[in-house]
Amino acid sequence: MERYLLRVNSQSWHVSCLRCCVCQMALERQTSCFIKQDNIYCRVDYAREFGSKCAKCFRHIQPTDWVRRAREHVYHLACFACDNCKRQLSTGEEFALQDNRVLCKTHYVEVLEGGPKDPESSQKAKTKRVRTTFTEEQVQVLQANFQLDSNPDGQDLERIAQITGLSKRVTQVWFQNSRARQKKQQQQGQSTDSSNSATSPHKLSSSPGAWANSSDSQHSDSVNFSD
């Protein structure tokens, strides 16, 4: 009998009745809503109830998160790591899923063989440095933020870590290494300028590509940690 009605999924609703069944928010001004088992949800609560969750940390995966897929499971980029050595696995690297546990190839072989045979080799595995590799997208985000602020505070580090899917510690170490590398390059540039001034006082131009250092680009994508 009312003048206005809302049509959702071929059903008619009073304006005041179309509400999210979880938060009770009125949905007449929303551009979309969701129906699941005859229940109405707003976008936020539908994603919270039925959205994808990380198989490792069980937190919700946001549309902007970087993920990795293994069979039917989905992981945050930082969560896709070996359950034994905690090393983050890279794209194309061999791994195994055993009882929903992610294992790198080395530790999967150890499980099949009943564990490491030599106690000394086990001790070496514990003290071995863990190398974290970065995807091209992660490096682009890190470098873009480094150009804006080479020494971000804790809050900015957490924000950058969330965007890239890395841990805050890995992000912090990457910025520390980048600052040290930048300082070294600046010192080398000053030393080169001083040498050129002493040997050729009238020479003003430098050779093309004097500041390029392609050998550091791959190194910048790796961070070493020791236990």
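1. Ground rules. The model is predicted, so to speak of a local feature here takes pLDDT of at least 70, and side-chain atom pairs count only at pLDDT 80 or more, while totals for chains, interfaces and linings use all residues. Numbering runs from 1 along each chain as its sequence is written, and side-chain values use heavy atoms, with hydrogens and water left out.

2. Helix H5. Helices here are DSSP runs of H or I with at least four residues, strands are runs of E with at least two, and both are numbered from the N terminus. H5 covers residues 154-164, and its buried residues are Leu157, Ile160, Ala161 and Thr164. Those buried residues line one face of the helix, because they fall within an arc of 100 degrees seen down the axis of H5 (the arc is taken over the directions from the helix axis to the C-beta atoms). Gln155 and Gln162, on the other side of H5, are exposed. Buried means under 20% relative accessible area, exposed over 50%, and partly exposed in between, with a 1.4 Å probe and protein chains only. After H5 comes glycine 165, with a positive phi near 80 degrees.

3. Aromatic pairs. Rings of Phe, Tyr and Trp (its six-membered ring) pair if their centres lie within 6.5 Å; planes under 30 degrees apart are stacked, over 60 edge-to-face, and the rest tilted. That rule gives seven aromatic pairs. One of them is phenylalanine 34 with tyrosine 46, stacked at 4.6 Å centre to centre with 10 degrees between the planes. Phenylalanine 34 is partly exposed at 22%, and tyrosine 46 is partly exposed at 24%.

4. A second pair. Phenylalanine 146 and tryptophan 174 sit edge-to-face, 6.1 Å centre to centre and 90 degrees between the planes. Phenylalanine 146 is in helix H4 (residues 136-148) and tryptophan 174 in helix H6 (residues 168-199), so the pair ties together parts 28 residues apart in sequence.

5. Ring cluster. Phe34 turns up again here, linked by ring pairs with Tyr41 and Tyr46 into a cluster.

6. Glutamine 24 has phi near 65 degrees; glutamine 24 lies in the loop between strand S2 (11-13) and S3 and is partly exposed at 45%. Lysine 86 also has phi near 65 degrees. Lysine 86 is in the loop between strand S6 (73-76) and strand S7 (95-98), and is exposed at 60%.
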